Amino acid sequence: MSNEIHAVGLDIGTSRIRCVIGEPAPDGRMNIVGLGESESKGLRRGVVTSTEAVAESIRRAVAEAERVSGVEIESATVNLSGEHLQGENKNGVVAVAGPDKEITDEDVDRAIDSASAMPLTPGWEIVSRLPQEFIVDGQDGITEPIGMNGSRLEALVHVVTSPSAARQNLIKAVTKAGLDVENLVLEPLAASESVLTDDDKEYGCAVVNMGAEITSLMIFGRGAVQHSSVFPFGSMLFTKDIATGLRVSIPEANKIKHHYGCVASFLLDEEEKQELIEIVPFGRSETRGLSKEILCDIMQPRAVELVQHVASAVSKAKAQISGGVFLTGGGSLVYGLAEIAEQVFDAPTRVGMLDPAFFGGLADEAHGPQWATACGLGLRSMKFQIRSEAGGKSSARKVAEWFGNFRDKFR
Ligand SMILES: Nc1ncnc2c1ncn2[C@@H]1O[C@H](COP(=O)(O)OP(=O)(O)OP(=O)(O)O)[C@@H](O)[C@H]1O
Ligand SMILES: [Mg+2]
């Protein structure tokens, strides 16, 4: 595998910016060679509000990753996120064009174009088209139609739309930081790349990525994305509840959440419940004691409420998630969230850690769920560069086979 490939994943979040640099390993995994992280400024609920502030935060995260890896980077695959993203399932039908009725790349492209030909609100655009399956002359469940024979080709596609300005401002911020945008990938899709296996996607599962200010849901089934939605809330709500409930500053509330927070009281035994933690009330210098039970009483109802919102979207989507729920994003580090989510979803739930089958090198440094998006973006970047090296669109088939997944071509 070429050593010229330097895959770069850049996760631009409302609270943190993370950069991962990787190289292809001979066994097909991505060796992580550099990681960098910085505090993020200039975003609100995943949308850029100040390009200069975001650019500055990007520069700091990138500089750290470059220092660790000794590699200078020029471009990155970046996450697309934001509270306005909207996903819906569409279908489109075309007649197979060639005289021998053998389905070609062009037929598939036309079918996908036809599925995504939809009226858009002014100022909005399609940001992602994710093929679910193809139907050839009534035969459904086809994932690799190219080369098959038939006369009627139908594509089922999950289409995601967003205000154009959100994408343009994101690109501006990255460009200002001195990088080219190689590709934009939906945040939960990137996170899923790091933690889901093909079997998980096949049997049906949900990825819930909880960040600071937004939470995104992506449901997979039959190997493809069946649903996506974004909620305008994240782990920052716990911080705000703690600040209000205990009359402490936001930084102090964040510290309390990280070190002592718990959203599932049944995980604490009697002794732990009574354990006192020292907190510094707002504007004071002396501390006071607070039991962990009271902290849990503040956080647990909010956790249940947030997870119920997501669970109701899952049931509205009428999706099968027998493969379980995977929690990613820094928000999933709150102690007890997976246990509460398991009860609310009534499905096996766990915090999504990087799958060791996909990552080597410094993977241990990035094993937490807060790194899932950046690492998934890195994987995407690596696949993209290998595809480009293999000769672009004309070799798309060859590369799709290399990855064992035709759908990669369209993401
Ligand atoms: N150890 C921890 N315990 C509890 N919460 C944590 C922990 N570490 C991080 N968090 C919380 O996770 C959130 C940040 O998660 P993440 O870095 O995934 O968000 P982001 O990508 O910056 O934001 P967004 O995706 O909403 O734009 C913050 O609210 C932070 O307080
Ligand atoms: Mg995020």
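Guide: Two strands pair if DSSP finds at least two bridges between them, and with that rule in hand we can look at this structure, which is a predicted model.

Visitor: In what order do the 4 strands of the open sheet stand, and in which sense do they pair?

Guide: The order across the open sheet is S7-S10-S8-S9, and the pairing is antiparallel.

Visitor: Which are the edge strands?

Guide: Strand S7 (86-95) and strand S9 (139-142) are the edge strands, since each of them pairs on one side only. On average, and with direction ignored, neighbouring strands of this sheet are turned by 40 degrees against each other.

Visitor: Over how many bridges do S8 and S9 pair?

Guide: Strand S8 (residues 124-136) pairs with S9 over 2 bridges, in the antiparallel sense, and Phe134 stands opposite Ile142 in S9. Helix H3 (residues 164-176) packs on the sheet, where H3 touches both S8 and strand S10 (152-163), and the direction of H3 makes about 70 degrees with that of S10.

Visitor: How are two packed helices described?

Guide: They are described by the angle between their axes together with the distance between those axes. Here, helix H4 (residues 187-195) and helix H11 (residues 372-389) pack at an angle of about 85 degrees, and their axes are 7 Å apart. Angles of 65 to 115 degrees count as roughly perpendicular, and H4 and H11 are therefore roughly perpendicular to each other.

Visitor: Which residues make the contact?

Guide: Among them are Leu189, Ala190 and Val195 of H4, and Cys375, Leu377 and Arg380 of H11. Sorted by class, the contact of H4 with H11 has 8 nonpolar, 3 polar and 4 charged residues.

Technical notes:
Residues are numbered from 1 along each chain as its sequence is written. Chains are lettered from A and ligands numbered from 1 in the order in which they are written. This is a predicted model: local features need pLDDT of at least 70, side-chain atom pairs count only at pLDDT 80 or more; totals for chains, interfaces and linings use all residues. Side-chain values use heavy atoms; hydrogens and water are left out. Axes are lines fitted to C-alpha atoms, for helices over the stretch in contact, and angles run from 0 to 180 degrees between N-to-C directions. Angles under 35 degrees count as roughly parallel, over 145 as roughly antiparallel, 65 to 115 as roughly perpendicular and the rest as oblique. Contact means heavy atoms within 4.5 Å. Ala, Val, Leu, Ile, Met, Phe, Trp, Tyr, Cys and Pro count as nonpolar, Asp, Glu, Lys and Arg as charged, and the others, Gly among them, as polar.
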